[in-house]
Amino acid sequence: MTAGTSVSVDVLIVGGGIAGLWTLARLKQAGYKTVLLEAESLGAGQTRFAQGIIHGGTKYALTGKLTASSEAVADMPALWRACLNGKGVLDLSRAMLLSEAHYLWSTSSLTSRVSGFFASKVMRARTNELDEKTSPALFKHADFKGQIYALDEPVFDAMSVVQAIAEPVGKSILAIKADSIKYNNDRLSVKAQDDQRYEFDFKKIVLTAGQGNEKLLSELGLRQPEMQLRPLKMVMLRGGLTEMVFAHCMAGSVNPRITITSNHDEKGEVVWYLGGQLAEDGIARSDAEQVLQAKAELAELIPWLDQSKCQWATLDINRAEVKKPGTKRPDTFYVEQQGKVITAWPTKMALSPIMAERILEIINNEKLSCVNDDELPSWVHPEYASLPWNEESRWLM
Ligand SMILES: Cc1cc2nc3c(=O)[nH]c(=O)nc-3n(C[C@H](O)[C@H](O)[C@H](O)COP(=O)(O)OP(=O)(O)OC[C@H]3O[C@@H](n4cnc5c(N)ncnc54)[C@H](O)[C@@H]3O)c2cc1C
């Protein structure tokens, strides 16, 4: 076996989802020679499945009181908007904003149960009640009898964010073959997707491989931190939909009963993407049962929606996070350093910026003597992952 091309870097990042890419961009801005390794395509893990909502904490305050989760995300909408306007830590002016706001609605049958919540001080500070004129088009319908609020939570097309971050730093991203990482004598060797071999010397390695972190930790001889997976069964529908919708339906519990986001597919058709409690509970259902449940939920919550032309699909996807007792959702992002290894999970796409700042802070504190030469071999770069609604084989029903 040939030794491969030797490359010395300050920081090696493994995993090209939103977490790794945001970290790469920030470390390069700070002057560190940094390379990111991606085994599939950029965004291929959870990121391309994200609904793209930059939560400001309202979703987590649905019980009417502020939780640790809602506090951690409170500043994220402003931070992401600054980036979108070209005035933030990263330039996301080429990313696609799908909606300025996410909305929250209750049906008339739910309103009495949640009216205390809507009136609460916590919610008044973060939401704006809408009337018939200011409501999104779907909720202007005569049959809509509930309440609707606008949340200060922008919604982004997740893959357009991936592209906006990756393009300027693309030369530093290497496409490697899955499972080709070998760690030996403090060096990491990989096989690139074009079969070239590379040997990396690094001062720090950052693991942002989502679900892949567990295996990487074991390759590096570490048992901690432990990871948890929280599965979802999301639903997509298309056909005859005219409105783009970005809204949670409130049901008076911690989780929204349903969360709808929308995209245009490659043919320009509107696709609705459904998450929330429907997707959490859906893991116990077959694909066909989940579609039936989604149809029933929409029929009850948006009875004026014509479903007759809709085509449906389900989508199984895990959220990968640091392990919590009882597999509870972590309150915020997770970053931990053990020697040369930094392991990170953002927990939410929205939290990637503050996760990356924490990694940068750790690395700055180390006062590394930086590698001076900035040259990298011209190597094979990964593609961008496709969006699930553009994959025809998923549309079965
Ligand atoms: C259905 C769904 C909806 C969501 N909606 C939202 C939302 O609206 N708002 C929000 O803020 N968050 C949302 N999230 C959470 C958000 O998507 C994740 O927190 C975020 O995308 C995680 O990013 P990541 O970069 O850590 O991981 P990933 O996106 O999973 O990226 C990991 C990358 O590492 C690569 N990789 C894995 N192993 C290796 C290896 N050995 N070598 C090299 N590369 C490797 C993978 O190919 C992948 O590209 C949602 C999550 C899901 C599942």
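Trainee: Which helix and strands each supply at least two residues of the shell around the ligand?
Mentor: Keep in mind that this is a predicted model. The elements are helix H1 (18-29), strand E3 (34-38), strand E14 (227-238) and strand E18 (311-322).

Trainee: Which one gives the most?
Mentor: H1 does, with 3 residues.

Trainee: And which residues come nearest to the ligand?
Mentor: Five glycines: Gly 15, Gly 17, Gly 45, Gly 210 and Gly 212. They belong to a set of 40 residues around the ligand.

Trainee: How many of the shell residues are nonpolar, polar and charged?
Mentor: The shell has 20 nonpolar residues, 16 polar ones and 4 charged ones.

Trainee: Back to H1. Why call it largely enclosed?
Mentor: Because 10 of its 12 residues are buried, the rest of the structure largely encloses H1. The buried residues run through Ile 18, Ala 19, Gly 20, Leu 21, Trp 22, Thr 23, Leu 24, Ala 25, Arg 26 and Leu 27.

Trainee: What span should H1 have, and what does it have?
Mentor: At 1.5 Å a residue, H1 should span 16 Å. Its end C-alpha atoms are 17 Å apart, which agrees.

Trainee: Take Leu 27. Buried or exposed?
Mentor: Leu 27 is buried, because 26 other C-beta atoms lie within 10 Å and the cut-off for buried is 20 or more. Leu 27 sits in helix H1.

Trainee: How far apart are Leu 27 and Ile 363, in sequence and in space?
Mentor: In sequence, 336 residues separate them. In space, their C-alpha atoms are 8.9 Å apart.

Trainee: Which residues are buried in H10, the helix with Ile 363?
Mentor: Ser 352, Pro 353, Met 355, Ala 356, Ile 359 and Ile 363. They cover an arc of only 160° around the axis, so they are on the same side of H10.

Trainee: What does the face turned away from that buried side carry?
Mentor: That face of H10 carries the exposed residues Glu 361, Asn 364 and Asn 365.

Trainee: New topic, sheets. What is the strand order in the open sheet of 4 strands?
Mentor: The order is E1-E12-E11-E10, and the pairing is mixed. Strand E1 (5-8) and strand E10 (182-184) are the edge strands, and each pairs on one side only. The twist from one strand to the next averages 25°.

Trainee: In what sense do E10 and E11 pair?
Mentor: Antiparallel, over 3 bridges, with E11 at residues 187-191. Asn 184 has Arg 187 of E11 as its bridge partner. Lys 182 stands opposite Ser 189 in E11.

Trainee: What about the turn in the hairpin of E10 and E11?
Mentor: The hairpin has 2 residues between the strands, and Asn 185 in the turn has a positive phi of about 50°.

Trainee: Where does E12 come in? What is its pairing with E11?
Mentor: E12 (residues 197-201) pairs with E11 in the antiparallel sense over 5 bridges. Val 190 stands opposite Tyr 198 in E12. The E11 and E12 hairpin has 5 residues between its strands, and Asp 195 in the turn has a positive phi of about 75°.

Trainee: Which residues make up the covered and uncovered faces of E11?
Mentor: Leu 188 and Val 190 form the covered face. Arg 187, Ser 189 and Lys 191 form the uncovered one.

Trainee: Last topic, E20. Why is it largely enclosed?
Mentor: Strand E20 (residues 341-345) has 4 of its 5 residues buried, so the rest of the structure largely encloses E20.

Trainee: Which strand runs parallel to E20, and how many bridges join them?
Mentor: Strand E13 (residues 204-207), joined to E20 by 3 bridges. Leu 207 has Thr 343 in E20 as its bridge partner.

Trainee: And what is the sense of the pairing with E19?
Mentor: Antiparallel: strand E19 (residues 334-338) pairs with E20 over 5 bridges. Val 335 stands opposite Ala 344 in E20. Their hairpin has 2 residues between the strands, and Gly 339 takes a positive phi near 60° there.

Terms used:
Residues are numbered from 1 along each chain as its sequence is written. This is a predicted model: local features need pLDDT of at least 70, side-chain atom pairs count only at pLDDT 80 or more; totals for chains, interfaces and linings use all residues. Two strands pair if DSSP finds at least two bridges between them. Axes are lines fitted to C-alpha atoms, for helices over the stretch in contact, and angles run from 0 to 180 degrees between N-to-C directions. A residue is near a molecule or strand if its C-beta atom, placed from the backbone, lies within 6 Å of it. Ala, Val, Leu, Ile, Met, Phe, Trp, Tyr, Cys and Pro count as nonpolar, Asp, Glu, Lys and Arg as charged, and the others, Gly among them, as polar. The arc is that of the directions from the helix axis to the C-beta atoms. The expected span of a helix is 1.5 Å times one less than its number of residues.
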